[in-house]
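Student: I have a new structure open and would like to learn how to read it. Could you take me through it step by step?

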Amino acid sequence: MRLCFFLTVKASVHFESLVVSVVECLSGLISDEVHMIPCDELHMSVSRTVPIRHYWIDPIVEQLRNGLSTAHR
């Protein structure tokens with residue numbers, strides 16, 4: 001299992017059209033085995049992917065809840 005943190009990105013209409021253009025351009029350059037589809041909810045990864053063991057999940061989630069409980073949205 002892998003744990004990742006993402007931030008949702010509120011995109012402008014101009015940025016969304018840029019994403020669509022990039023996907024269209026790259027579709028012709030990438031193998032037919034890879035399917036690129038623009039998504040409705042853009043996000044930005046703010047961490048690198050780190051594999052974790054199943055029994056680590058609950059303690060990590062609890063630590064995150066405790067550490068972020070006082071953070072402002």
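Tutor: Gladly! Helices (H or I, at least four residues) and strands (E, at least two) are DSSP runs, numbered from the N terminus. Here the elements of the protein chain run β-β-α-β-β-α from the N terminus on, giving 2 helices and 4 strands. This is a predicted model: local features need pLDDT of at least 70, side-chain atom pairs count only at pLDDT 80 or more, and totals for chains, interfaces and linings use all residues. Residues are numbered from 1 along each chain as its sequence is written, and side-chain values use heavy atoms, with hydrogens and water left out.

Student: What is the average pLDDT of the protein chain?

Tutor: pLDDT is the predictor's confidence in each residue, from 0 to 100. The protein chain averages 77, and 71% of the residues score at least 70.

Student: How many residues of helix 2 are buried?

Tutor: Buried means under 20% relative accessible area, exposed over 50%, and partly exposed in between (1.4 Å probe, protein chains only). Helix 2 is hardly covered, with 1 buried residue among its 12. Across the protein chain, buried residues make up 5% of the 73 residues.

Student: Why does valine 22 count as partly exposed?

Tutor: Because its relative accessibility is 39%. Valine 22 lies in helix 1 (residues 13–27). Alanine 11, in the loop between strand 2 (6–8) and helix 1, is also partly exposed, because its relative accessibility is 26%.

Student: Which share of the contacts with a separation of 6 or more joins residues 24 or more positions apart?

Tutor: A contact means heavy atoms within 4.5 Å. In the protein chain, residues 24 or more positions apart account for 79% of the contacts with a separation of 6 or more.
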